[in-house]
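Visitor: I have a structure open and would like to go through some of its details with you. Could we start with a side-chain contact and then move on to other topics?

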Amino acid sequence: MTSTKPRTSTRTEVLESRPVNLDGFVEEWPEKGLVAMESDFDPAPSVRVEDGRIVELDGRARADFDFMDTFIANHAIDVASAEACTAIPSVEIARMLIDPGVSRSEVLAVTRGLTPAKVLDVVKLMNVVEIMQAMQKMRARRTPANQAHSTSARDNPVQVAADAAEGALRGFAELETTLGVVRYAPLVAIALQVGAQVGRGGVLTQCALEEATELELGMRGITAYAETISIYGTESVFVDGDDTPWSKAFLASAYASRGIKMRFTSGTGSEVQMGNAEGRSMLYLEIRCILMAKGAGVQGLQNGSISCIGVPGAVPGGIRAVAAENLVASMVDLECASGNDQSFSHSSMRRTARMMPQLLPGTDFVCSGYSAVPNADNMFAGSNFDTEDYDDWNTIQRDLQVDGGLRHVREAEILQARNKAARALQALFAHLDLPPITDEEVEAATYANSSNDYPLRDVLSDLKGAQSVMERGITGLDLVKGLETTGFPDVAQSLLNVLRQRVSGDLLQTSAVLTADFTPLSAINDVNDYAGPGTGYRLSGERWEELKKLRHVTSATNPETEVG
């Protein structure tokens, strides 16, 4: 019997077997919002002001505003300049963004008066290279940085402490964790904070949870920042989440009132993923989120599609739209933690291409969630990059002379930091009468790769211990005292220095991080001064010498030896 199946070439068979063909791709469907950034259903830019009040916004009269329009009109747009700025031809604004002769402050004077549709009209004109050019000038802080996830599939605090120490040592300025079992949160948050300070004093930590517990941990000084406060671009999605822009702004003020650094989270694709895009493009809705964040007065935004990256990643131009949303956050003077977070592709080439628009020009945080654990342990659903990619990331930094926030660290230093973090947590748990950490666990933490390499803990005892942390009112100062008492004064001092910054309020400045000597570095004292070739942040000096070092570098004078 003769087969009727068409014969394919061997080359096609080879291509079909490539990892990229395991990815999902879909046709555009503008009516449902399944389109990246160019939709006929997006409104045209317009604004009208009467008696110091915006009465028309992007084709809608105030009587027809939804609550997003109302919040943006009342709080996010400079009313005095709105009509004049929106009247500037979009192509002129786009050219201002990439023109090194136009300063960042001059651009901000224009962008603060733009409507959501006008912002979209500007960035639609820009290709990816132009978006990167603009980002190089518009990011808030001069010096780029990076942020990582440090989690455990078993919610093991010993693992989290050791991996946090290694992550901090490797260069991450911020570390965040989350849980499989939320009641484990106090123990894991303590472990993250202790481990981070062992790796490098001044690293900021957060524990991403439901908002009441996250806020309480922050107010107690067990975490230093928050970012998983999600906002959305349509009223219907907000209502589904029992929230409004005003409730989110109130929550933001609660964090800020206690000196806790915080930013909102949003991203292209969230509304269409939740079935309520209201017929708008992904980028238009994200621009509404960005302006809402601006109006709420938060320091910044974690955006870049984040957990929805599979949606823009499936449509034409979707990754360009993600780069554009990062630019828009910087265009309105917000700190930008620019995604490169949740995994979205089976293709190593696509994963690398997705992060280039952020790595090459630099953003405030090139990743909002590089996985400092193997992805199997990543409780944020896996990251675009994990521990297996450290050497590749460091090599790309060296190849292109760009700063992605990381560095190569010698094995001896890593083992020392991991061991010390586990021992510090062991001593602190004993001091606070929390479930014991055995010497066997400390040994495992020193050399482990994943949660599979650790002895199993008594989950019931850990959950009772975590509950006792909350019931006994344990605070960051209790951790400081415990570390000092048990023989880790340097870690205690580092944690105390972080807590002092909470009191000073310097961490509330846009794009604030702490250096190794606990100096706040932000858009206030580390202003992005890019003005064309030879200006702005340049990878040079001690930092460049550091990034030249890789795991295997052959000596120029003695080819038989390695100097990395």
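Visitor: Which side chain does Thr363 contact, and at what distance?

Guide: This is a predicted model, and in it the side chain of Thr363 makes a polar contact of 2.8 Å with the side chain of Ser338. The side chain of Thr363 also has a polar atom that lies 3.1 Å from the backbone oxygen of Phe365.

Visitor: Where does Thr363 sit, and is it buried or exposed?

Guide: Thr363 belongs to the loop between α16 (348–359) and β11, and with a relative accessibility of 0% it counts as buried.

Visitor: You mentioned β11, so what is the strand order of the four-stranded open sheet?

Guide: The order in that open sheet is β6-β5-β4-β11, and the pairing is parallel. Because β6 (204–207) and β11 (370–371) stand at the edges and have a single partner strand each, one side of each is left without a neighbour in the sheet.

Visitor: How many bridges join β5 to β6?

Guide: Strand β5, which covers residues 174–177, runs parallel to β6 and is joined to it by four bridges; Leu175, for instance, has Thr205 in β6 as its bridge partner.

Visitor: Now another strand: what about β8, how many of its residues are buried?

Guide: Five of the five residues of β8 (residues 261–265) are buried, so this strand is largely enclosed by the rest of the structure.

Visitor: Switching to pockets, what volume does the largest one have, and which residues are closest to its centre?

Guide: The volume of the largest pocket is about 690 Å³, and of the 25 residues that line it, Gly171, Arg200, Gly405, Arg543 and Glu546 are the closest to its centre. Two or more lining residues come from each of α8 (157–170), β12 (513–514) and α23 (541–547), and α23 supplies the largest share, three residues.

Visitor: Last topic, backbone angles: which residues other than glycine have a positive phi?

Guide: Among them are Asp51, with a phi near 55 degrees, and Asp58, with a phi of about 50 degrees. Asp51 is in the loop between β1 (47–50) and β2 (53–57), whereas Asp58 is in the loop between β2 and β3 (60–61).

Visitor: And are Asp51 and Asp58 buried or exposed?

Guide: Asp51 has 85% relative accessibility and therefore counts as exposed, since the cut-off for that class is over 50%. Asp58, on the other hand, has a relative accessible area of 7% and is buried, the limit there being under 20%.

How values were computed: Residues are numbered from 1 along each chain as its sequence is written. This is a predicted model: local features need pLDDT of at least 70, side-chain atom pairs count only at pLDDT 80 or more; totals for chains, interfaces and linings use all residues. Side-chain values use heavy atoms; hydrogens and water are left out. Two strands pair if DSSP finds at least two bridges between them. Buried means under 20% relative accessible area, exposed over 50%, partly exposed in between (1.4 Å probe, protein chains only). On a 1 Å grid over the protein atoms alone, a cavity is a set of points where a 1.4 Å probe fits but cannot get out, and a pocket is an open set with protein on both sides within 12 Å along at least five of seven lines; lining residues have an atom within 4 Å of a point. Grid points are joined across faces, edges and corners, and a volume is the space filled by probe spheres set on the points. A polar contact is a pair of N or O atoms within 3.5 Å; within protein, one must be able to donate a hydrogen and the other to accept it, and residues adjacent in sequence count only if both atoms are side-chain atoms.
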